[in-house]
Amino acid sequence: MSKINPDVGAYSSQEYVDSFDPALYLREYYSMEEIGNADTAIATEAGRWLGQMGREFTNGIDVGCGPVLEYPFVFAPYVKKYDLADYLPANLQNIELWLSEHVDAHDWNPLFRGILRTQGLDPDECLISRSEKLRKAINQLRRIDLFEEHPLVQPQQYDLVTSFFCTECVGCNKSDWKKLKTRLIDLVAPGGSFFFGLMRGCTRYQILGKWFPAYPVQPEELQELLAEREIDAELTVHSCPEFSESGFGEIIIARGTKA
Ligand SMILES: C[S@@+](CC[C@H](N)C(=O)[O-])C[C@H]1O[C@@H](n2cnc3c(N)ncnc32)[C@H](O)[C@@H]1O
């Protein structure tokens, strides 16, 4: 029997959890030096935002990190202790391979070089020091489940919370998305900041030839949710035609600081 839900023309989120292969995913999507429009927008907007704030965060967390070190690489110079958190143990194990410089670790160097170049830096000069900064900044690899009332088991808040393409993929209807996004925002400590990247208006997205459901979030409803919690945020929308055949053509970037 097909596991595809005909209503959305996609597998269930559970299928993602059951069948995801981190090493294959990284080989397919994170092996090149070339950076697409979405990641260029994230790297440049984050670089500008972090530079303007000129702040070193005492602690930070990347929620729903997957096996992906690209975004933590961007934030690492500004975070003393950076926890990386995901629901799937296999994703965290994959990151552990890189941390321990295991022979089976993914080779992040081409992509890290591309990020540095996007940020106007010379990869030959900066790759080693930025990679060391990332290794040093990564503190704990943590299991997280945003469906739990206390997603990290022990309630905890962070100075900086980052998250990319997570809540709209995990909470696929409006009420779940709102609940999970609220839990994510609640991880930000008073006076702390957040930086999120989301697919805009995407009902299903494709990974390694399989379609998975998503909640088609629009910037207005994210702005509304933040306003309900009295948080001032800046939202921008960026075009990414490289993903139009994977279910979305724009991303939303949201960043702000809690009072
Ligand atoms: C589309 S992936 C995004 C991964 C990564 N941030 C990136 O940009 O490539 C969504 C992530 O959410 C994680 N996830 C799944 N269920 C979750 C849950 N209940 N709580 C938190 N994260 C979850 C998945 O394991 C996956 O790594």
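**Close-up 1. Pairing of strands β5 and β9 in the predicted model****.** In this predicted model, F195 lies opposite R255, a residue of β9. A second pair of facing residues is formed by G197 and I253, the latter also in β9. Strand β5 covers residues 188-199 and strand β9 residues 250-257; the two run antiparallel and are joined by seven bridges.

**Close-up 2. Pairing of strands β4 and β5****.** Six bridges link β4 to β5, and here the pairing is parallel.

**Close-up 3. The open sheet of seven strands****.** The strands follow the order β3-β2-β1-β4-β5-β9-β8, and their pairing is mixed. At the edges stand β3 and β8 (232-239); each has a single partner strand, so one side of each remains without a neighbour in the sheet. From one strand to the next, the twist averages 15°.

**Close-up 4. Helices packed on the sheet****.** Helix α3, residues 37-53, packs on the sheet and touches β5, β8 and β9. The direction of α3 makes an angle of about 15° with that of β9. Helix α5, residues 89-99, also packs on the sheet, where it touches β2 (79-86) and β3. Between the directions of α5 and β3 the angle is about 160°.

**Close-up 5. The shell around the ligand****.** The ligand is surrounded by 17 residues, of which G64, G66, Y87, L146 and F164 are the closest.

**Close-up 6. The setting of F147****.** F147 is located in the loop that lies between β3 (138-143) and β4 (158-164). This residue counts as partly exposed because 13 other C-beta atoms lie within 10 Å, whereas a residue is exposed at 12 or fewer and buried at 20 or more. F147 and Y87 are 60 residues apart along the chain, and their C-alpha atoms are separated by 10 Å. Y87 is also one of the closest residues to the ligand.

How values were computed:
Residues are numbered from 1 along each chain as its sequence is written. This is a predicted model: local features need pLDDT of at least 70, side-chain atom pairs count only at pLDDT 80 or more; totals for chains, interfaces and linings use all residues. A residue is near a molecule or strand if its C-beta atom, placed from the backbone, lies within 6 Å of it. Helices (H or I, at least four residues) and strands (E, at least two) are DSSP runs, numbered from the N terminus. Two strands pair if DSSP finds at least two bridges between them. Axes are lines fitted to C-alpha atoms, for helices over the stretch in contact, and angles run from 0 to 180 degrees between N-to-C directions. Two residues are in contact if their C-beta atoms, placed from the backbone, lie within 7 Å.
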